[in-house]
Amino acid sequence: MLPWIHLNRAAIPGDVGELRLKQRGSEFSIMLGSTELMNSRLSGSEEALAALSCERIARRKNPSMLVGGLGMGFTLRAALNELPQDAHVVVAELVPAVVEWARGPLADLHDGTLDDPRVDIHLGDVGVLIRSKTAAYDAILLDVDNGPDGLTRASNDNLYSHDGLRAAKTALRPNGVLAVWSSAPDRAFTRRLREVGFATDEVSVRANRKNGGARHVLWMATRR
């Protein structure tokens, strides 16, 4: 078996942790300490997050989408495959090095999506961006951290709090969709979504595109 090769590391702004990018043959991994956050072989649930969101806003003209977290680009690429040419997608990424990796060692995975004219990259905290907007997006996709139970950055918890969810609701257009990725179920988060006023579906999907791997959870919440 090929050994893992360390390619790069990046500090997480405002936090004591750091991300590490590793490669083994054609496989890539992004790690936080001993925890693997992303692997290039496992993209099914991220692609499902985009596909289900695009399905729900399919009939809208000039749709506007916010993607929280660039990662390895699977969510963005899947969204662009579904969205019309008049769409606008903002990708908010906190760690500048993740964007650099997308244009460097992970360029084949991203497949030119960062140069798509529909895409703008926002370097910064997606929560701050959300709180600055009113009725700006048809869909907000959050693939940030490990889900509602923050792992990489304690302040990510604010995204998934009652106040964070209210801000997301304000940033959405009528009947807009808040889609959230998580590595595991979270009943308390489902309850918070409904308490804030979202109509919420919880979907279980496989990590692997071929219907294998761990089960991840997607919340598809509609602003009522």
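This is a predicted model: local features need pLDDT of at least 70, side-chain atom pairs count only at pLDDT 80 or more; totals for chains, interfaces and linings use all residues.
Visitor: What is the strand order in the open sheet of 7 strands?

Guide: Strands here are DSSP runs of E with at least two residues, helices are runs of H or I with at least four, and both are numbered from the N terminus. Two strands pair if DSSP finds at least two bridges between them. The edge strands are β7 (119-123) and β10, each pairing on one side only. With mixed pairing, the order is β7-β6-β5-β8-β9-β11-β10.

Visitor: How many residues of strand β8 are buried?

Guide: Buried means under 20% relative accessible area, with exposed over 50% and partly exposed in between (1.4 Å probe, protein chains only). β8 (residues 137-142) runs parallel to β5 (residues 64-68), joined by 4 bridges, and pairs with β9 in the parallel sense over 5 bridges. Strand β8 is mostly covered, and its buried count is 6 of 6.

Visitor: Which residue in β9 is the bridge partner of isoleucine 140?

Guide: β8 and β9 pair over 5 bridges, in the parallel sense. For isoleucine 140, the partner in β9 is leucine 178.

Visitor: At about what angle does helix α2 run to β6?

Guide: Axes are lines fitted to C-alpha atoms, for helices over the stretch in contact, and angles go from 0 to 180 degrees between N-to-C directions. Contact means heavy atoms within 4.5 Å. Helix α2 (residues 74-82) lies across β5, β6 (88-93), β7 and β8, and its angle to β6 is about 175°.

Visitor: Why do the buried residues of α7 line one face of the helix?

Guide: Helix α7 (residues 187-196) has Phe189, Thr190, Arg192, Leu193 and Val196 as its buried residues. The arc is taken from the directions from the helix axis to the C-beta atoms. Looking down the axis, the buried residues line one face because they fall within an arc of 160°.

Visitor: Which residue caps the N-terminal end of α7?

Guide: Following the other end of the helix is glycine 197, whose phi is positive, near 115°. At the N-terminal end, a side-chain oxygen lies 3.2 Å from the backbone nitrogen of alanine 188, and the residue it belongs to is aspartate 186.

Visitor: Which strands stand at the edges of the open sheet of 4 strands?

Guide: This sheet has the order β1-β2-β3-β4, with antiparallel pairing. Each edge strand has a single partner strand, so one side of each is left without a neighbour in the sheet; the two are β1 (5-11) and β4 (35-39).

Visitor: How many residues does the largest nonpolar core have?

Guide: A nonpolar core is a set of buried Ala, Val, Leu, Ile, Met, Phe, Trp, Tyr and Cys residues joined through side-chain atoms within 4.5 Å. Those with the most contacts inside the largest one include Leu19, Met65 and Trp101. A second, separate core has 27 residues, among them Leu129 and Phe198. The count for the largest core is 44.

Note on methods. Residues are numbered from 1 along each chain as its sequence is written. Side-chain values use heavy atoms; hydrogens and water are left out. A polar contact is a pair of N or O atoms within 3.5 Å; within protein, one must be able to donate a hydrogen and the other to accept it, and residues adjacent in sequence count only if both atoms are side-chain atoms.
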